Amino acid sequence: MLSKMSSSFDVAIVGGCGHVGLPLGLALADCGLSVALYDVNEAAISVVNGGQMPFEEPGALPVLAAVLDAGRITATSERAAIRGAEHVVVVIGTPIDEHLNPDLNAVTEAIEEIGECLVDGQILVLRSTVYPGVTALVEQIVARRGLDVDVAFCPERIAEGKAMTELYELPQIVASRSPRALERAEKLFRNLTNQIVYLEPEEAELAKLFTNVWRYIKFASANQLYMMANDFGLDYERIRSALAFDYPRAADLPRAGFAAGPCLFKDTMQLAAFNNNNFQLGQASVMVNEGLPLYVVARLEQSVNLSKSTVGILGMSFKAESDDIRSSLSYKLKRILRFKAARVLTHDPYVRVDPDLLPLEQVVAESDLLIIGSPHSEYRELRTDTPIVDIWNLREQGVRI
Ligand SMILES: NC(=O)c1ccc[n+]([C@@H]2O[C@H](COP(=O)([O-])OP(=O)(O)OC[C@H]3O[C@@H](n4cnc5c(N)ncnc54)[C@H](O)[C@@H]3O)[C@@H](O)[C@H]2O)c1
């Protein structure tokens, strides 16, 4: 693929076929830049070069078609693409391990891997959500290699499913210790927005973690209040909507729901690790949010003989209208129910990677009880006599269990 195109690009994105890298590449190519999407996932590369998205992202497909047609984007596993790019944006995944520890070396190892393809005059833009201090480590790698390469940290703040609008709407945080790098990073992101916010690298690293952690704590607050109201025999959603009605100070109190996904939990763990594991509010939020599926099952056990019941879970992705199952609490719910219930059936209209999924009609017909795992709009109007547990209040019929 590379050989057919010019081997010089305005931007090379390392991790370019991922949930963040691909929309960013599309948006920049849409603005007229030439973009190489460098990735190690060969399957995703061929999907992208074939004009398809490897995951759901509303609005992305027509942009992909247009920029492929215009020859402004290519996905590749050839590192040479990086050598020919003025801007190298790194947006690989930064997950936590099985002990909930962040992998401090994920980004630096990727930079070492591509190190031989970095050349003087480039700017290296870190865009993954990183453990604080990673930008400084990358600066050291660049210096150790004797490279005249600028380094900036510009965190991605889009939410999956909204990337193709938010990339053009959200202000961009740009951070660097070098004025030249700051100017170049700003120029790159001015292709997307005129709103630029400047921070020091460590401030920006924390700003991104604080953003996700704040959201996670808000969801945990809502979920704890939900459980409290429910244990008291009251409907949290009736209380929430009443107290928020025309009362701006409480307007941001979320509904209850499974708060999970690839970012919020692991970024809360990253911040806890950064603070010597001293983050009571974050750790309490993990207990509340991750405990919600257990709570739901424990409450159901009080009124339903689960061991004789078939339970259907509707929605397996981590959030509505998404095909992303990473860290989805629907799967935790499924694991608990497989232990407790006679049978567990699952449905999701978006997820493509789970061979256990069944057609909606079958799940509804064969279940004694349905639980909404992710609030896909398709379930809002579902007609059935089977009881539905809906802690999200998707169907606006109350959230009590
Ligand atoms: N998903 C989101 O909504 C979101 C939003 C904001 C920020 N972030 C952050 O962005 C980063 C990326 O997240 P994501 O959800 O896009 O992850 P992802 O797993 O969807 O994408 C990462 C991509 O990087 C590729 N990759 C991994 N190692 C590589 C390497 N050494 N060289 C080249 N490519 C490599 C993978 O194949 C994958 O395509 C994370 O730090 C995440 O916290 C994610």
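Analyst: A residue is called buried under 20% relative accessible area, exposed over 50%, and partly exposed in between, with a 1.4 Å probe and protein chains only. The model is predicted, and local features need pLDDT of at least 70, side-chain atom pairs count only at pLDDT 80 or more, while totals for chains, interfaces and linings use all residues. Residues are numbered from 1 along each chain as its sequence is written, and side-chain values use heavy atoms, with hydrogens and water left out.

User: Why does aspartate 150 count as buried?

Analyst: Its relative accessibility is 6%, which is under 20%, so aspartate 150 counts as buried.

User: What makes the contact of arginine 180 with aspartate 150 a salt bridge?

Analyst: A salt bridge requires a side-chain nitrogen of Lys or Arg within 4 Å of a carboxyl oxygen of Asp or Glu. The closest N and O atoms of arginine 180 and aspartate 150 are 3.0 Å apart, so the pair qualifies. Helices (H or I, at least four residues) and strands (E, at least two) are DSSP runs, numbered from the N terminus. Arginine 180 has a relative accessible area of 44%, between the two cut-offs, and is therefore partly exposed. Both residues also belong to a network of salt bridges that links Glu86, Asp148, Asp150, Arg180 and Arg184.

User: How many salt bridges does this rule give?

Analyst: The count comes to 21 salt bridges. One of them joins aspartate 231 to arginine 299, with the closest N and O atoms 3.1 Å apart. Aspartate 231 is in helix 9 and arginine 299 in helix 12 (residues 280-301), 68 residues apart. Arginine 299 has a relative accessible area of 17% and is therefore buried.

User: Why is the pair of arginine 343 and glutamate 366 said to tie parts together?

Analyst: The closest N and O atoms of arginine 343 and glutamate 366 are 2.9 Å apart, and the two form a salt bridge. Arginine 343 lies in strand 10 (residues 343-347) and glutamate 366 in helix 14 (residues 360-366), so the pair ties together parts that are 23 residues apart in sequence. Arginine 343 is partly exposed at 38%, and glutamate 366 is partly exposed at 32%.

User: How do you know that the buried residues of helix 10 line one face?

Analyst: The buried residues of helix 10 are Tyr236, Glu237, Arg240 and Ala244. Seen down the axis of helix 10, they fall within an arc of 90 degrees, taken over the directions from the helix axis to the C-beta atoms, so they line one face of the helix. The face turned away from this buried side carries the exposed residues Arg238 and Ala242. Helix 9 (201-231) is included in what covers the buried residues of helix 10.

User: Which residue caps the N-terminal end of helix 10?

Analyst: Aspartate 235 is the cap, with a side-chain oxygen 2.9 Å from the backbone nitrogen of glutamate 237. Just after helix 10, aspartate 246 takes a positive phi of about 55 degrees.

User: Why is leucine 253 called buried?

Analyst: Leucine 253 has 17% relative accessibility and therefore counts as buried. It is found in the loop between helix 10 (236-244) and helix 11 (264-274). Leaving aside residues up to four places away in sequence, leucine 253 touches (heavy atoms within 4.5 Å) Ala222, Leu225, Tyr236, Arg240 and Leu243.

User: Why is serine 330 called buried?

Analyst: Serine 330 has a relative accessible area of 1%, so it is buried. Serine 330 lies in helix 13 (residues 329-340). A polar atom of its side chain is 2.8 Å from the backbone oxygen of glycine 315.

User: Why is asparagine 277 called exposed?

Analyst: The relative accessible area of asparagine 277 is 54%, over the 50% limit, so asparagine 277 is exposed. Asparagine 277 lies in the loop between helix 11 and helix 12, and has a positive phi of about 65 degrees although it is not a glycine.

Technical notes:
Polar contact = N/O pair within 3.5 Å; in protein donor to acceptor, adjacent residues only side chain to side chain.
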